[in-house]
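Here is a short tour of side-chain contacts, written for someone who likes to know the cut-offs behind each term. Have the viewer open and follow along.

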Amino acid sequence: MIKAILVFNNHGKPRLSKFYQYFNEDMQQQIIKETFQLVSKREDNVCNFLEGGSLIGGSDYKLIYRHYATLYFVFCVDSSESELGILDLIQVFVETLDKCFENVCELDLIFHADAAHQVLDELVMGGMVLQTNMADILCRLQEQNKMQKSEAGISAAPARAVSAVKSMNLPQQLRDMKLPDLPQAIKDLKF
Amino acid sequence: MALKKVKGNFERMFDKNLTDLVRGIRNNKDNESKYIAQCMEEIKVELRQDNIAVKANAVAKLTYLQMVGYDISWAIFNIIEVMSSNKFTYKRIGYLAASQSFHADSELLMLTTNMIRKDLNAQNQYEAGLALSGLSCFISHDLARDLANDIMTLMSSTKPYLRMKAVLMMYKVFLRYPEALRPAFPKLKEKLEDPDPGVQSAAVNVVCELARKNPKNYLSLAPVFFKLMTTSTNNWMLIKIIKLFGALTPLEPRLGKKLIEPLTNLIHSTSAMSLLYECINTVIAVLISISSGMPGHAASVQLCVQKLRILIEDSDQNLKYLGLLAMSRILKSHPKSVQAHKDLVLACLDDKDESIRLRALGLLYGMVSKKNLMEIVKKLMVHMERAEGTLYRDELLTRIIEICSQNNYQHVVDFEWYITVLAELTEMETSAKHGRVVAAQLTEVGARVAEVRDFAARECGELLTHMAQSSPGPASREVLYAAAYVLAEYSRDEWVMQAAISPLLVCAGLGGAHMRARAVCVHAALKVVANLLLKYEAAGDRRSAIDVIHSTLSGLRPLLLSEDMEVQERAHNAVALLNLVLRKINPDDPELPPEHTPLSDTGLLVQHDESNSIENEQNAEAINGESSQTWTEKFSGGLIEELADLFDGELKPVAPKAQKKVPMPADLDLEQWLSHSRWSSDSSSSEGEGEGAVFAPPAHDPRPTAQFTPQELAMLREARRQEQANNPHYLKDDSPRSYQQDDIPVAEIALEVPLQIHTKRSDKYLMSRESTNKKKKEKRTSKKRKSKKQQISSDSESEEEARPAVALGGELPDGAALSDDEPPAPRDDPHRALDLDLDLPLREEELLTSRIHQYPSAESGLLNKKSKLSKKSKSTEKKSVEKLVKKKKDKKTKEKSEDLMLQETDKPQVNEDFLIEDLSKSNGQKNMKEAVGVDSEILLTETNPKGTKTEKHKKSKKDSKDKESKKPKSSKKGKHETKTGYEEALGISTPSKEVA
């Protein structure tokens, strides 16, 4: 069983966290912090397995992680999982993310943690490995996204447009302009 | 209406969405919490709106905030609202939030039951899949019970995607609701042979998880798995199956024999390291479980060890780590074959990777022998000096002690060396925790190995001197405790004793944080002085005796004002005792204080001491009276003898369970008043008074001992002394003599403590051992004759090398055996409830289909009770059918073995193109090249087989609601009533108010 999946950056900021056993929010943050401290002090050319996380699990549990650029992907698993298998699973996860986001980087995870969760949900369910075949996972994801798109339809267009405008790198003055006034103006125009 | 919709849409456009929130947090790095608090307020406002899109947006933001560490459990109702939306987009948001924030004990979870059931039976497979994924994160007992049947139905869905998810989901259901296991098991078994490899893999996964905790119930599945193992090419599944076999083989050795060959083939053929590694692991498990008489047994061990050696020698650190891990498993059963690779393990100790070093350390345990112990420990000591991380240092220390002390110091030949190692470990200053470990070792070696005591005392003396000079760290402080004890208890050498007194007293005066050893130091000093005086008396050396007392008294003086209560008390005791002796030896000593004059500088404690002295006076006089007659020829008149008597007797190791094994005396009645009878017989006046009044004084005389006759007194005293001598925990600190508050002005004696530079002293043992092996042998045998009290361990005699006797075990009360008859510690594990016999035929009441009522009626409202009851009844039933099952099982195992034989004949085919490639080579590359044929076709046309179901539920709901309203009493029911209330609100709010 996988007990938790954590993704955080080189400074320990959580980018994705999934706990398959209940911990309250404070505990979750503590676990992330402890895991980060354990993992971050290890050099890159050492092995990817780590024992001794005291907060999560016990002697039966292991931390298995991979470090990609600015992100750490850490899986906390018990002895029923194959260590090398989980390492491969992390690879699959990252490659799938890469396919979904097209050259995934930390920013993608920051702004689309929900999408990353959706990828993860196709990979692991309730702490058990669901699917390891990347093509399959991608197919499932595409179909679901298609459903979502068809639902949004035309009514979502304005929202999309606004978010596109917002996403543009506007100069500081524009950003400082009070946005709440705008809807009022639009309303006035309409009615 | 339409206008309103449009208006809402436009308003919504400018709400903060998730991206804005994240961007905002990043732009407000300085006052993040303030910004988030502001956002939370906005979210709360948004959640109050009717527009589901606004709500979903708010919930999406909440999900992000949850990840950053904010509690969002207050929004559970809103999350459920979003989950119940008809739109997949919002559903996704809702279920994600739920899976992140809900848990089995969340309130309002019962609100989700019907909604989830609706989603599970949805037309679209992704809606059902979403519900399954979400549910797997927060399923509770109630949800599991109510939804088990729906999930079971999904297990036979036409869509492999749903089957796969449902199978995995069942494991979660079993955990929460063990009653579902037996009815669902046949279906689960069926799924092991599902046409879809994904479903197959999921079923294997679930069975593996189940069998890991209760393997014996799944033995009957072995043939199925055996077939899967020999036919499947999916590495994920193979790994799981092989792991499962590893769990099953200890229960069925015949299975192991069958497995060896296919596994060996796999080991030879596979290119996937993960599979190879698991194969080796399982072969190891098989080898452990079967007797070594099997043909090819040695070859298998050899193969495993060889393959592991390749792994360990690999440049990939991961493989190295796993190789060492597997080695440690072999070590337990086949230490010889691992010992051949000692060089490899020792080399790994120098690895730069801490995980690998730790693993290698674990292996060392089995690598040491009498011959190489010193060498290995020396290496570890060097490591300890260089180690940076405290974790690794601590681990090293525990390992050093572990490998030395294993099996009653089986490998330690030279205990003087070991004592030196302990002393050096102390000087390395680790943590207090490890100081305690070292301290325990010092006392244990002292107690068990009589021959080394002299040396241990000397070494402890040096340690103490060292500590007295420089303020000790936390570890030394703990060791001090043991060092003081060992020194005082075992030192017999005059010079050592003389040199020890001053450091002991200095250590007792050491300030600083928690220091339990200080009082012990005072006590030890007194003990040393007493023994020393005894020596001087025997030699008739009055002058030295007086000198020693003088120097000790001057050392004790600062302690009389110690801020530590116990140190102060003991110092007073010691001063009083020594003054007593001094007066006897040299009545005209100028340093003796005038009799019975309380001191000005210790006025603090005058009162306390007076009360003490009254108590002790009688005892002391009695002892003085009798002893002075027998020891007239000694210069102290036998007083010193008496003083030394206080510390007489040897402490023996006590077996860890001795306390428990003490038989209860037959006439012991714990209910009885402790000394009522005695008091009432002694003082007649108390009779009749004590009855009735609860708080009546138990006796008039608080010290009834005063009424004993002299004979009784003497007898009691003797018994007490005996008891003290035998009791290892007794500190023997009460002085039976009266004393006065005295202070003797003693001339300061400059104590010369040689400053010693501590080099690696333990090394000399290693060197000298090689050169002067013979010499030592002679010495030790001569020493051996001296030891009388120690039992000689049986195994040490037969060894080629002579080694001091180690007292084994410990004292036990008469008639008690050192057997391990303790019941295992109770485990709090959900898997215990899953320990069910799966071969029994299903009973009528177990069938899940009968569970349509999700609202418990009046009697089933007490859910927990009911489930317990059913478990009980099950167990009774089990007994009744036990015989039947036995017969069946016998038959089955026969069949199974035949089955296996058949399968063995057709050789397992192992494909080369495994999913998981060699990791070491594919590092960084895309190693998931090829998929195992999962059919990606999705059956879009499927009718809902449960179209009528929801109506049915509604009906039953109404019924039970009526029932409940009739009997509104138990608290459980109250809960259910609120539940229905919410349910209705939910039903209204969801579909009609949704604005797209």
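## Ground rules

Helices are DSSP runs of H or I with at least four residues, strands are DSSP runs of E with at least two, and both are numbered from the N terminus. The model is predicted, so to speak of a local feature requires pLDDT of at least 70 and side-chain atom pairs count only at pLDDT 80 or more, while totals for chains, interfaces and linings use all residues. Residues are numbered from 1 along each chain as its sequence is written, chains are lettered from A and ligands numbered from 1 in the order in which they are written, and side-chain values use heavy atoms, without hydrogens and water.

Let's start at the surface. B:Leu670 is found in the loop that runs between helix H34 (658–661) and helix H35 (676–682) of chain B. Its relative accessibility is 67%, so B:Leu670 counts as exposed (exposed is over 50% relative accessible area, buried under 20%, and partly exposed in between, with a 1.4 Å probe and protein chains only).

Together with B:Met664 and B:Leu668, B:Leu670 makes a nonpolar surface patch of about 340 Å². Patch members have over 30% relative accessible area and no salt bridge; nonpolar side chains (Val, Leu, Ile, Met, Phe, Trp, Tyr) are joined within 5 Å, and like charges within 9 Å. The areas come from the Shrake-Rupley method with a 1.4 Å probe, and for residues only the protein chains shown count as cover.

## Salt bridges, within and between chains

Over all chains, the structure holds 28 salt bridges (a side-chain nitrogen of Lys or Arg within 4 Å of a carboxyl oxygen of Asp or Glu). One of them pairs A:Asp78 with B:Arg212, with 2.9 Å between the closest N and O atoms. This pair joins two chains, because A:Asp78 lies in the loop between strand E5 (71–77) and helix H2 (83–101) of chain A, and B:Arg212 in helix H12 (residues 197–213) of chain B. A:Asp78 is buried at 4% relative accessibility, whereas B:Arg212 is partly exposed at 24%. Both belong to a salt-bridge network that also includes B:Glu209.

Within chain B, the salt bridge of B:Lys55 and B:Glu81 has its closest N and O atoms 2.9 Å apart. B:Lys55 is in helix H4 (residues 52–68) and B:Glu81 in helix H5 (residues 76–83), so the bridge ties together parts that are 26 residues apart in sequence. B:Lys55 and B:Glu81 are both buried. B:Arg145 and B:Asp146 also meet in a salt bridge, at 3.1 Å from N to O; B:Asp146 is buried at 5% relative accessibility, and B:Arg145 is buried at 8%.

## Aromatic rings and their neighbours

There are 15 aromatic pairs over all chains. In one of them, A:Tyr65 and A:Tyr72 are tilted, at 6.3 Å centre to centre with 50° between the planes. Rings of Phe, Tyr and Trp (its six-membered ring) pair if their centres lie within 6.5 Å, and planes under 30 degrees apart are stacked, over 60 edge-to-face, the rest tilted. A:Tyr65 is buried at 4%, and A:Tyr72 is buried at 6%.

The charged end of A:Lys3 sits 4.2 Å from the ring centre of A:Tyr61, and that of B:Lys44 sits 4.9 Å from the ring centre of B:Trp74.

Technical notes. A charge sits over a ring if NZ of Lys or CZ of Arg is within 6 Å of the ring centre and within 35 degrees of the ring normal.
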